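Please read them with the structure open.

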Amino acid sequence: MAQMEIRIFGDPVLRQRAHDVQDFDGRLATLAQDMLETMRLADGVGLAANQVGVLKRLFTWEVPIEGEDGDVTRHGGAVVNPTLIDSSEELQDGDEGCLSFPGLFYPVQRPLRVEVSYQDLAGDDHTVQLEDFFARVWLHEMDHLNGILFVDHLAKHDRRAALRAIREYRLEQGLDEPDKPAPPGNLLLGRRSR
Ligand code: NI
């Protein structure tokens with residue numbers, strides 16, 4: 001298994017739309033396994049292929065749920081070519097983060113329930129109904145596949161704070177050089193919320 005590099009906000013690949021997966025082969029399975037491993041090492045609950053620089057409609061997710069007996073069950077796996085079939089008008093509130101925005105969490109409103117069709121790594125079709133945190137995770141990851149990021153859903157002041165924080169993070173990590181003029185179409189401006 002190989003740990004992959006997680007792209008940080010400002011990387012253009014995070015704003016691109018991923019392509020449908022056509023080949024359900026060993027390479028896809030290996031990519032999914034590497035993504036799952038990378039996600040676990042980063043303590044994430046979801047990771048979209050865009051975030052490791054691959055424009056395929058694939059994400060991995062894993063949410064540990066502690067039962068009454070204290071045992072932890074992990075729910076998750078790999079999701080390919082997901083399509084949102086339905087979402088509830090009823091909304092949920094909760095803080096959200098993203099591995100491409102390390103350490104940042106802000107409140108994001110999401111539908112409480114969703115219905116999603118998708119394929120597994122073998123190419124078999126499934127439809128699933130999800131609610132609460134599971135719905136939030138899947139919606140967040142499906143957004144990634146369309147180049148949409150959680151900051152696009154934030155209130156204005158939170159969005160400004162997030163973009164400021166990630167700019168500082170990029171400088172600290174040496175991902176950007178200080179005093180360098182912004183590239184054309186400055187990606188830090190991101191895209192307007194829908
Ligand atoms: Ni994310």
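1. The largest nonpolar core has 17 residues, and those touching the most other members are Phe59, Trp61, Val79, Val114, Leu130, Trp138 and Met142. Such a core is a set of buried Ala, Val, Leu, Ile, Met, Phe, Trp, Tyr and Cys residues joined through side-chain atoms within 4.5 Å. Buried means under 20% relative accessible area, exposed over 50%, and partly exposed in between, with a 1.4 Å probe and protein chains only. Two or more residues of this core come from each of β2, β8 and α2, and α2 gives the largest share, 7 residues. In soluble globular proteins, nonpolar side chains tend to be buried together.

2. A word on the source: this is a predicted model, in which local features need pLDDT of at least 70 and side-chain atom pairs count only at pLDDT 80 or more, while totals for chains, interfaces and linings use all residues. Residues are numbered from 1 along each chain as its sequence is written, and side-chain values use heavy atoms, with hydrogens and water left out.

3. Phe59 deserves a look of its own. Apart from neighbours within four places in sequence, Phe59 is in contact (heavy atoms within 4.5 Å) with residues including Met35, Leu47, Val79, Pro82, Trp138, Met142 and Leu145.

4. Helices (H or I, at least four residues) and strands (E, at least two) are DSSP runs, numbered from the N terminus. Two strands pair if DSSP finds at least two bridges between them. Strand β2 (residues 58-66) runs antiparallel to strand β3 (residues 72-87), with 9 bridges. Glu66 has Val72 in β3 as its bridge partner. Their hairpin has 5 residues between the strands, and there Gly70 takes a positive phi near 90°. β3 also pairs with strand β8 (residues 113-119), again in the antiparallel sense, over 5 bridges; Thr83 stands opposite Ser117 in β8.

5. How many salt bridges does the structure hold? There are 11, a salt bridge being a side-chain nitrogen of Lys or Arg within 4 Å of a carboxyl oxygen of Asp or Glu. One of them joins the side chains of Arg110 and Glu96, at 2.7 Å from N to O. This pair links distant parts of the chain, with Arg110 in strand β7 (residues 110-111) and Glu96 in strand β5 (residues 95-98), 14 residues apart. Arg110 is buried at 3% relative accessible area, and Glu96 is buried at 4%.

6. Glu96 has a further partner in Arg136, with the closest N and O atoms 2.6 Å apart. Arg136 sits in helix α2 (residues 132-145) and Glu96 in strand β5, 40 residues apart. Arg136 is buried too, with a relative accessible area of 3%.

7. Asp143 forms a salt bridge with Arg110, the closest N and O atoms being 3.1 Å apart. Because Asp143 lies in helix α2 and Arg110 in strand β7, the pair ties together parts that are 33 residues apart in sequence. Both Asp143 and Arg110 are buried. Through shared partners, salt bridges join Glu96, Arg110, Arg136 and Asp143 into one network.

8. Which residues coordinate the nickel ion? They are Cys98 (SG), His140 (NE2) and His144 (NE2), at 2.1 to 2.2 Å. The donor residues are spaced C-x41-H-x3-H in sequence. Cys98 lies in strand β5 and His144 in helix α2, so the pair ties together parts that are 46 residues apart in sequence. Cys98 and His144 are both buried. Donors are N, O and S atoms within 2.8 Å of the metal (3.2 Å for Na, K and Ca); water is not among the atoms, so sites may look incomplete.
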